[in-house]
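This note sets out comments for a colleague who is new to reading protein models. Please keep the sequence and the structure in view while going through the points.

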Amino acid sequence: KNDKDIGETDRSEFIVTSAWAEFEQYEKNIRAEGQAAGEANAAVAVLRSRDIAVSAEEERRIRSCQDNKLLSRWLIRAITATSAAQLFSEPDAR
């Protein structure tokens, strides 16, 4: 079908459906960004609350990460780490 064969109702429905799909993707992205920011803030806060120094570079690395799974691992590590650098090192495979 070409564009002239599509009725006005079908065209409007297509536009609304497409716009809704774009909105849902936008919303999903915003939520993921918010979750990443929250995890990063929490990791930095946990380290600082434990009087562990966080360099500007380490903080930049934490806050710029958008991988929620990695940020969750870093947050968990922050609970027992003795340095901020320990967040980034992979544990020994034993």
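1. Basis of the model. The model is predicted: local features need pLDDT of at least 70, and side-chain atom pairs count only at pLDDT 80 or more, while totals for chains, interfaces and linings use all residues. Residues are numbered from 1 along each chain as its sequence is written, and side-chain values use heavy atoms, with hydrogens and water left out.

2. Helices are DSSP runs (H or I, at least four residues), numbered from the N terminus. A residue is called buried under 20% relative accessible area, exposed over 50%, and partly exposed in between (1.4 Å probe, protein chains only).

3. A nonpolar patch. W20, F23, Y26 and I30 make a nonpolar surface patch of about 450 Å². Patches are made of residues with over 30% relative accessible area and no salt bridge; nonpolar side chains (Val, Leu, Ile, Met, Phe, Trp, Tyr) are joined within 5 Å, and like charges within 9 Å. The accessible areas come from the Shrake-Rupley method with a 1.4 Å probe, and for residues only the protein chains shown count as cover. W20 belongs to helix α1, which covers residues 8-49.

4. How many aromatic pairs does the structure hold? The number is 2. Rings of Phe, Tyr and Trp (its six-membered ring) pair if their centres lie within 6.5 Å; planes under 30 degrees apart count as stacked, over 60 as edge-to-face and the rest as tilted. W20 and F23 form a tilted pair, with 5.4 Å from centre to centre and 35 degrees between the planes. Because W20 and F23 are 3 residues apart in helix α1, about one helical turn separates them. An α-helix has 3.6 residues a turn, so residues three or four places apart point the same way. F23 has 38% relative accessibility and therefore counts as partly exposed.

5. The edge-to-face pair. Why is the pair of W74 and F88 called edge-to-face? The ring planes of W74 and F88 stand at 90 degrees, with the centres 4.9 Å apart, so the pair falls in that class. This pair links distant parts of the chain, since W74 is in helix α3 (residues 68-78) and F88 is in the segment after α3, 14 residues apart. Both W74 and F88 are buried. R61 lies over the face of F88, 4.0 Å from the ring centre; a charge sits over a ring if NZ of Lys or CZ of Arg is within 6 Å of the ring centre and within 35 degrees of the ring normal.

6. The buried face of α2. Helix α2 (residues 56-64) has E58, E59 and I62 as its buried residues. Viewed down the axis of α2, these buried residues fall within an arc of 95 degrees, so they line one face of the helix. The arc is that of the directions from the helix axis to the C-beta atoms.

7. Salt bridges. A salt bridge is a side-chain nitrogen of Lys or Arg within 4 Å of a carboxyl oxygen of Asp or Glu, and the count by this rule comes to 4. In helix α1, R31 and E27 lie 4 residues apart, about one turn of the helix, and their side chains meet in a salt bridge (3.4 Å, N to O). R31 is exposed at 59% relative accessibility, whereas E27 is partly exposed at 31%. E57 is partly exposed at 47%, and R60 is partly exposed at 45%.

8. R63 forms a salt bridge with E59, the closest N and O atoms being 2.8 Å apart. R63 is partly exposed at 36% relative accessible area, but E59 is buried at 19%. R48, E59 and R63 are linked in a network of salt bridges.

9. Two single residues. D51 is found in the loop between α1 and α2. D51 has a positive phi of about 60 degrees although it is not a glycine, and D51 is exposed, with a relative accessible area of 72%. Q86 is in the segment after α3 and is partly exposed at 32%. Q86 and W74 are 12 residues apart in sequence and 8.7 Å apart in space, C-alpha to C-alpha.

Definitions and conventions. Helix = DSSP H or I, 4+ residues; strand = E, 2+ residues; numbered from the N terminus.
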